[in-house]
Amino acid sequence: MNIHEYQGKELLKQYGVTVLDGRVAWTPEEAEAAATKLSGPVYVVKSQIHAGGRGAGRFADDPNGKGGVRLARSPAEVRANAEAMIGHTLVTKQTGPAGKAVRRLYIEAGCDIARELYLSVLVDRATGFVTFVASTEGGMEIEEVAAKHPEKILRAAIDPASGISGFHGRKLAAGLGLTGKQASSFGKFVAAIYKAFLALDCAIIEINPLVVTGAGDVVALDAKVSFDDNALFRHPELEKLRDEGEEDPKELEAAKFELNYVALDGNIGCMVNGAGLAMSTMDIIKLYGMAPANFLDVGGSATKERVTAAFKIILSDPNVEGILVNIFGGIMRCDIIAEGVVSAARDVQLSVPLVVRLAGTNVELGKEILAKSGLPIVAADNLADAAEKIVKAVREAA
Ligand code: ADP
Ligand code: MG
């Protein structure tokens, strides 16, 4: 689960991470009032959306204008900028061409920036250790730095048995060229971030940029905080930070039915049991020349209700031009699945081609149910056959 920058900063502050003074604003009036409470003389007006690249992004209705992070010299100027930002769509490298509507702003004190650095902490899947990643190339996209200048990426892995120690901070500080007071503030900063990461069960905390101010302080200028969904049940207090407006409505609906659904941008909706089979189904659709509209694992215990819910979610995606159902009946019998598919297809008044591939227990019975349903369901014998048939059916329907 992702949260907004201002929410992340509020949380991090509670763990001792240094952030600037700032306030959230929902209207231009609130933005102006928020600025009057900050010390100035420079104010920063920051679009709050769940995507990065806001500074370099542009508003859809003003592509040659200023970006999603703006400096202002007075509360009146903050208000003027807020008027051009709230309710407008911001397009950044991370939002995709459709952009995201800005509904709230963060009004923050201006900062005298001497250096922009990069710092993040996440679980390194290769080692299983919580690992800090740092770089002198702050403010840039870290993926780009890693691709062009891998030598500029510093790492410090924390062994869970011994935990964090001063050594980790000093190692990174040295790599970043920080000395004296800056190095010691950085060490405290790293320790505070680590504490927050563990306590909140985060997936990632990314501070880009982490700045060294003219006075030598180390401050988080941006904050991306993302929680591990599997641990959210341990943090009911974080649920109120969720912004459903930022989440895909199809994914929200899927979560209600405990369906593992991820929206993608292709045209073939997929309904599969088992994550591995779902991945191969997506691959084979690609192999036959089209792209999956989603990843969906209905799980081993797909009931009729869940199959119907899954169908509805798939069909609520306007990009879907055909559906491929690929089920391996192991614990679940193929005839049960076939009944679920038939009843779901009737319920939702299916309007796009549907190819079903069943294999496993009671497969013959399952195929018979599909054939006798009177619905235009195309049966397939294997994965390749299924992919070929759905691609062909979609092309013919178009
Ligand atoms: P994004 O990563 O989405 O573009 P950031 O919060 O990193 O958004 O802001 C983009 C840039 O704007 C920063 O790299 C920094 O140069 C500048 N900036 C952000 N906040 C402030 C601030 N409070 N004072 C001065 N400059 C800022
Ligand atoms: Mg940033």
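In this predicted model, a backbone N or O atom of Gly-55 lies 2.8 Å from an oxygen atom of ligand 1, which is a polar contact (a pair of N or O atoms within 3.5 Å; within protein, one must be able to donate a hydrogen and the other to accept it, and residues adjacent in sequence count only if both atoms are side-chain atoms). On its own, ligand 1 has 540 Å² of accessible area, and the protein covers 82% of it (areas by the Shrake-Rupley method with a 1.4 Å probe; for residues, only the protein chains shown count as cover). Strand 2 (43–48), strand 7 (104–109), strand 8 (113–123) and strand 11 each give two or more residues to the shell around ligand 1; strands (E, at least two residues) and helices (H or I, at least four) are DSSP runs numbered from the N terminus. In total, 18 residues surround the ligand, and Lys-46, Arg-54, Gly-55, Glu-108 and Glu-116 are the closest (near means a heavy atom within 4 Å).

Beyond its neighbours within four places in sequence, Arg-54 is in contact with residues including Glu-5, Lys-46, Leu-90 and Asp-222, contact being heavy atoms within 4.5 Å.

Asp-222 leads on to the metal. The protein donors of the magnesium ion (ligand 2) are Asn-208 (O) and Asp-222 (OD), lying 2.2 Å from it. Asn-208 belongs to strand 11 (residues 202–213) and Asp-222 to the loop between strand 12 (218–220) and strand 13 (224–227), so the pair ties together parts 14 residues apart in sequence. Donors are N, O and S atoms within 2.8 Å of the metal (3.2 Å for Na, K and Ca); water is not among the atoms, so sites may look incomplete. Both Asn-208 and Asp-222 are buried.

Residues are numbered from 1 along each chain as written, while chains are lettered from A and ligands numbered from 1 in the order written. Local features need pLDDT of at least 70 and side-chain atom pairs count only at pLDDT 80 or more, while totals for chains, interfaces and linings use all residues; side-chain values use heavy atoms, leaving out hydrogens and water.

Note on methods:
Buried < 20%, exposed > 50% of the residue type's maximum accessible area, 1.4 Å probe, protein only.
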